Amino acid sequence: MAIIRNVLGENLQVCCTSPMTGFYRDGTCNTGPNDLGSHVVCAEVTEEFLTYTKAQGNDLSTPMPMYQFPGLKPGDRWCLCASRWKEAHEAGFAPKVVLAATHESALKTVSLEILKKYATE
């Protein structure tokens, strides 16, 4: 099995298991050919980000039991689409990023320099 790397070139760490995140719902921001949204940025969401993304048509705060989605609240960690995170950054609403849990493919969309400015543990 191939080693999955984060943006720091290290082994990808778990982003969050409560709520269970990731395209594969395994707690990591791993990706693959079926992940068309590239859910690879491990973010710690804020109220400002949740309000922003809802206004863009992606409501992450409302529970959707049919998808086993509890709805996010400020402080939750979640694997975001790299393009959505970049869009939020450009609009001034980007949440903090857990670099160790952000998949290396995020670097195709956002530079490590920018991601580091939002780094949190």
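1. Ser38 sits in the segment before β1, where strands (E, at least two residues) and helices (H or I, at least four) are DSSP runs numbered from the N terminus. Its phi is positive, about 55°, although Ser38 is not a glycine. Ser38 comes out as partly exposed, at 22% relative accessible area; on this scale buried means under 20%, exposed over 50%, and partly exposed in between, with a 1.4 Å probe and protein chains only.

2. Keep in mind that this is a predicted model: local features need pLDDT of at least 70, side-chain atom pairs count only at pLDDT 80 or more, and totals for chains, interfaces and linings use all residues. Residues are numbered from 1 along each chain as its sequence is written, and side-chain values use heavy atoms, with hydrogens and water left out.

3. Arg25 is another one to look at in the segment before β1. Phi of Arg25 is near 50°, again positive in a residue other than glycine. With a relative accessible area of 41%, Arg25 is partly exposed.

4. The Ser18 to Pro19 peptide bond is cis, with omega near 5°. Gln68, from the loop between α1 (47-55) and β2, is 49 residues from Pro19 in sequence but 9.6 Å away in space, C-alpha to C-alpha. Gln68 is exposed, at 67% relative accessible area.

5. Of its 15 lining residues, Arg25, His39, Asn58, Leu60 and Trp78 are the closest to the centre. For the criteria: on a 1 Å grid over the protein atoms alone, a pocket is an open set of points where a 1.4 Å probe fits, with protein on both sides within 12 Å along at least five of seven lines, and lining residues have an atom within 4 Å of a point.

6. By type, the lining splits into 9 nonpolar, 3 polar and 3 charged residues. Here Ala, Val, Leu, Ile, Met, Phe, Trp, Tyr, Cys and Pro count as nonpolar, Asp, Glu, Lys and Arg as charged, and the others, Gly among them, as polar.

7. On the overall fold, the chain has 3 helices and 4 strands, running β-α-β-α-β-α-β from the N terminus. Its radius of gyration is 13 Å, close to the 14 Å that the globule rule gives for 121 residues, so the chain is as compact as a globular protein of that length. That radius is taken over C-alpha atoms, and the rule is 2.2 Å times the number of residues to the power 0.38. Buried residues make up 40% of the 121.

8. Residues 24 or more positions apart account for 63% of the contacts with a separation of 6 or more, contact meaning heavy atoms within 4.5 Å. Leu112, in helix α3 (residues 112-117), is in contact with Val7, Leu8 and Leu107, leaving aside neighbours within four places in sequence. Leu112 counts as partly exposed, at 25% relative accessibility.
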